[in-house]
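The sequence and the coordinates come first.

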Amino acid sequence: VLSPGGPVSKLGNLACAHALPCFKHVVKQIADCASADDTFYTKAVEKARALLEPFILENMGSVKEGLICHFGANSDAMTLFSLMKNRITSFDDIVNLVNEHVSGDVQDSFVDGVRSGLYEFFVGSNNFCDAGCVSKTTKYFK
């Protein structure tokens, strides 16, 4: 599996050749759309909400079962789950909770951290791929 030319090596080489450039292209497209339309992120969040809300509601039972299985029916995790389920009934509730408990400066700092992390990911990935580290890594673990 980890041998040079094995599945992990092939996956790593494919990621370097295709996934990273594709991901960079997607990030650039998003930035270009946001520059061209001031409401881009608002629209994107609303569309994501429309896609995710039904999925979350549909799978709420599975989450509850998983928490009970892993932590027990009377656990702190179940208490938190119940509080969240009762308090968060819509996407707007999530936005309001964040705005209520997280200052604008902290939210801005979080966004800056995500941007910085994305940049570091690109730099690190480029360095990893450019240095031929996929084959070096698989040889090491062989």
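## The end of helix 2

In this predicted model, the residue that follows helix 2 is G72, and its phi is positive, near 100°.

## The course of helix 2

Helix 2 runs over residues 40-71, 32 residues in total. Its end C-alpha atoms are only 40 Å apart, whereas a straight helix at 1.5 Å a residue would reach 46 Å.

## The disulfide

The structure holds 1 disulfide. Its partners are C16 and C129, with sulfur atoms 2.0 Å apart. The pair links distant parts of the chain, since C16 lies in helix 1 (residues 7-36) and C129 in helix 5 (residues 104-130), 113 residues apart.

The angle about the S-S bond is -80°, and the link of C16 and C129 is left-handed. C129 has a relative accessible area of 23%. That value lies between the 20% and 50% cut-offs, so C129 counts as partly exposed.

## Other cysteines

Which cysteine sulfur is nearest to that of C22? The nearest is that of C129, 14 Å away. A disulfide requires sulfur atoms within 2.5 Å, and C22 is in no disulfide. C22 is partly exposed, at 47% relative accessibility.

C69 has a relative accessible area of 64%. Exposed means over 50%, so C69 is classed as exposed.

Technical notes:
Residues numbered from 1 in each chain as written. Predicted model: local features only at pLDDT ≥ 70, side-chain atom pairs only at ≥ 80, totals over all residues. Heavy atoms only, no water. Helix = DSSP H or I, 4+ residues; strand = E, 2+ residues; numbered from the N terminus. Expected span 1.5 Å × (residues − 1). Buried < 20%, exposed > 50% of the residue type's maximum accessible area, 1.4 Å probe, protein only.
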